[in-house]
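Let's take a look at how charged side chains pair up in a protein. Have the sequence and the 3D view ready, and follow along.

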Amino acid sequence: LYQTHYQMASPGEFVPSLSEDTLKKARNELKEDPDKRDQVLLDFKKAIEDSEGSASGDPRLHGVQFERKDNAFLIRFLRARKFNKERSLELYINYYHNRAEFPKIFQDFTPRSVETILKSGVINVLDNRARDGAKVICTRPRRWDIDNQPVWFVIRSLLIVLEKLLEDEETQVHGVRLFINFQDVEFTRVWRFSQMEAVQKGVMLKLLQDGFPVRLKGLHLIMQPWYISIVLAIVKPFMKEKLKKRINIHGYNFSTLHEFISPENLPMDFEGTLPSLDNFIAAKLFVSQFGEVGVVNETDPECVVDQTGLEDVVNQMGLDGVIDEKKLESVIDQMGLEGVVDHKEIEDMMVDQMGLEGIVKDKTIRDDGGTEV
């Protein structure tokens, strides 16, 4: 296994620091009882030690070491699984098993190893919280240097950011909302992303849903083009029903986004009152590693947007002329996605401004671009 910079730190004594309102939420939603918390932690630690030393034959335990057993760390797993000891133990085992299963992600699991990504504006963390108290992470795929930064590094970056955020007990209870800002993301990038092994196997979803102590309260797609349905169709089979119900597609209708977070807590990118997302880059979470970080410069090489565009992709796939002359279903069929892509989703996400009128017969257009899946 590979130690993280968090694991190398001295754990110290755990002293709960929840606000009164958050403690009330922890009681009601997570079944956390302050009077019984210490005993629950002791029982949970014993269950971990029993599993570690057992001869159960569980393949997940082969070669796995449980490096952290301090209460400040263990409480994350209990809160993520509403203080159910069995489910918390399952999550804890998966957390460490995944570190052995995905060395590309967890080797050199430090902010310094992904400094370029953290400083590029691919991942951003808002200072203020959503209306339900959740912390907000906003990703911008167009800032990802897809030619020089492997997808494994992006996944590592996001997990490192989540590890940092989970140091805050308020976030452990209220959870995280993930915004994905698809502004200016061209078809080329989406298509290449959809063909990557990590996407095809649902690696990120596997890690977040079954092997990470985070409460994912919502997935929000913003300013998405119609072809995002290709990726959604691939990853949805890996989603649990609870997460599927928490996907919110906003398009350009920021009023639906404002239902989840006040405009006063949003950057101007989403019709908020705060400065642009460039002021909230994830690197600012790691001052001790990077020092003070200024506003990201979009002209930096890592921020250059691939301008290849849809036409070149179509040509490379031998589909020249298909886009303009045949129905969208024919394109999907020749891409090898027939039966995978949900045509209704594509239709629902189309807007007139995309210039796709007439491609899909009897298409449904929502002018506000907002819908919930």
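**Salt bridges at a glance**

Glu32, Arg37, Arg79 and Glu169 are tied together in a network of salt bridges. Keep in mind that this is a predicted model. In total, the structure has 21 salt bridges. The general idea is simple: side chains of opposite charge can pair when their charged atoms come close.

- Glu101 and Lys206 form a salt bridge, with 3.0 Å between the closest N and O atoms. This pair connects distant parts of the chain: Glu101 sits in helix α4 (residues 85-101) and Lys206 in helix α11 (residues 203-210), 105 residues apart.
- Glu101 counts as partly exposed because its relative accessibility is 35%. Lys206, at 33% relative accessibility, counts as partly exposed too.
- Arg140 and Asp278 also meet through their side chains in a salt bridge, at 3.1 Å from N to O. Here, too, distant parts of the chain are linked, with the two residues 138 apart: Arg140 is in the loop between β2 (135-139) and α7 (151-165), and Asp278 is in the loop between α14 (254-258) and α15 (287-290).
- Are Arg140 and Asp278 buried or exposed? Both Arg140 and Asp278 are buried.

**A pair within one helix**

- Glu241 makes a salt bridge with Lys244, and their closest N and O atoms are 3.4 Å apart.
- Glu241 and Lys244 are 3 residues apart in helix α13 (residues 241-244), so about one helical turn separates them.
- Lys244 has 24% relative accessibility, so Lys244 counts as partly exposed.

Conventions:
Residues are numbered from 1 along each chain as its sequence is written. This is a predicted model: local features need pLDDT of at least 70, side-chain atom pairs count only at pLDDT 80 or more; totals for chains, interfaces and linings use all residues. Side-chain values use heavy atoms; hydrogens and water are left out. A salt bridge is a side-chain nitrogen of Lys or Arg within 4 Å of a carboxyl oxygen of Asp or Glu. Helices (H or I, at least four residues) and strands (E, at least two) are DSSP runs, numbered from the N terminus. Buried means under 20% relative accessible area, exposed over 50%, partly exposed in between (1.4 Å probe, protein chains only).
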